[in-house]
Amino acid sequence: RWNRPDSPGVIVGVARQGEILHAKGYGQAQLEYGIPLTAETVSESGSVAKQFTAAAVALLSVRGQLGLDDPIRRHLPELPQAIAGAITLRMLLNHTSGLRDIHGLFELLGRPSYSSKHDNAEVLRVMSRQQRLNFPAGTEYLYCNASYILATLVVERVSGRSFPDFCQRELFAPRGLYHTRWRDDFPTVVPGRAAAYAPVRSGGYRADLPYSNLIGNGGLLTTVGDLLRWTASFDRASGEWAEVGRQLETRSRRSEERRVGEECRSR
């Protein structure tokens, strides 16, 4: 149903054992100009971007430059001890930090995420003013975009490089992702990029382009071929990247205190 000249569409890629079997676009990349989607079209990845942020943190961990169980205040001392003292980097990555999500906080500030300009530095300022968590760190799971944005700032401080530069040099280029970049300046023209659209009740579509410089939780521009190459690169990884892959695939557990409490209640 998306493979039409008057509709935005999708791009589909299928690979087996590292070989791309199918890569094709369906529908339009630019409705205004009738430009179709192709396998080479650059698109927003949405929250698929989070795995790249996690990989950047894991790579620094493998290199001994940080530890996944480091307290986040070791790297982001702006966060108040009262709420962040027990939060670790691992909790940021597995959504068990208890931190409130930044999109809800921006709504409360009267500056919604998708219609107001924000950047990662502002997220740190907002999070540094929080006085409570949603739950004690490590005891529950709750999806949190703020955690991944804070993780990008940790990467910058530990590596001494901007997050986009670190990822370009250490993740994208070495893994053959030559069409992948962070959208850290949303007005920048990106050749071959698909527009974004949202349906309207009266019929048709309206432009729904990003209006934000938030990256790490999302904000990744890439192609289906790059995503397939990224996945395949872990299947044949060796050395430090094999360990990065192992860390990314290691299951986490909630804190012992929470599990013991649940067991007692169940009895």
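The text below takes up strand pairing, then pockets, helices and backbone angles. The structure is a predicted model.

**Strands**

An open sheet is formed by three strands in the order β5-β9-β6, with antiparallel pairing. Its edge strands are β5 (43-44) and β6 (181-182), each of which pairs on one side only. Strand β9 covers residues 220-222 and is joined to β6 by two bridges, the two running antiparallel. Across this pair, Arg-181 has Leu-221 in β9 as its bridge partner.

Another antiparallel pairing joins strand β1 (residues 10-16) to strand β2 (residues 19-26) over seven bridges. Here Val-10 stands opposite Tyr-26 of β2. The hairpin of β1 and β2 has two residues between the strands, and Gln-17 in this hairpin takes a positive phi near 50 degrees.

**Pockets**

| Pocket | Volume | Residues by class in the lining |
|---|---|---|
| Largest pocket | about 880 Å³ | 18 nonpolar, 17 polar, four charged residues |
| Second largest pocket | about 400 Å³ | nine nonpolar, seven polar, two charged residues |

The largest pocket holds about 880 Å³ of space. It is lined by 39 residues, of which Ser-43, Glu-44, Ser-45, Gly-46 and Ala-196 are the closest to its centre. Elements that each supply at least two residues of this lining are β1, β3 (28-30), β5 and α8 (224-235). The largest share, four residues, comes from β1.

The second largest pocket has a volume of about 400 Å³. Of its 18 lining residues, Ala-54, Gln-247, Leu-248, Glu-249 and Thr-250 are the closest to the centre. At least two lining residues each come from α1 (50-62), α3 (89-93), α8 and α9 (240-249). Helix α9 gives the most to the lining of this second pocket, with four residues.

**Helices**

Helix α8 has 12 residues, and the distance from its first C-alpha to its last is 17 Å, close to the 16 Å expected at 1.5 Å a residue. Its buried residues are Val-224, Gly-225, Asp-226, Leu-228, Trp-230, Ala-232 and Ser-233. These buried residues pack against β1, β2, α1, α7 (163-172), β9 and α9.

Helix α6 runs over residues 145-159. Its 15 residues should span 21 Å at 1.5 Å a residue, and its end C-alpha atoms are 22 Å apart, which agrees. Because 13 of the 15 residues of α6 are buried, the helix is largely enclosed by the rest of the structure. Just after α6, Gly-160 takes a positive phi of about 75 degrees.

Gln-17 has a phi near 50 degrees, a positive value in a residue other than glycine. His-95 is not a glycine either, and has a positive phi of about 60 degrees. Gln-17 lies in the loop between β1 and β2, while His-95 is found in the loop between α3 and α4 (102-108).

Which of these is buried or exposed? Gln-17 has 81% relative accessibility and therefore counts as exposed, the cut-off for this class being over 50%. His-95, at 8% relative accessibility, counts as buried, because the limit for that class is under 20%.

Methods:
Residues numbered from 1 in each chain as written. Predicted model: local features only at pLDDT ≥ 70, side-chain atom pairs only at ≥ 80, totals over all residues. Heavy atoms only, no water. Pairing = 2+ DSSP bridges. 1 Å grid on protein atoms, 1.4 Å probe; cavity = no way out; pocket = protein on both sides within 12 Å on 5 of 7 lines; lining within 4 Å. Points joined across faces, edges and corners; volume = space filled by probe spheres on them. Nonpolar A, V, L, I, M, F, W, Y, C, P; charged D, E, K, R; others polar. Expected span 1.5 Å × (residues − 1). Buried < 20%, exposed > 50% of the residue type's maximum accessible area, 1.4 Å probe, protein only. Contact = heavy atoms within 4.5 Å.
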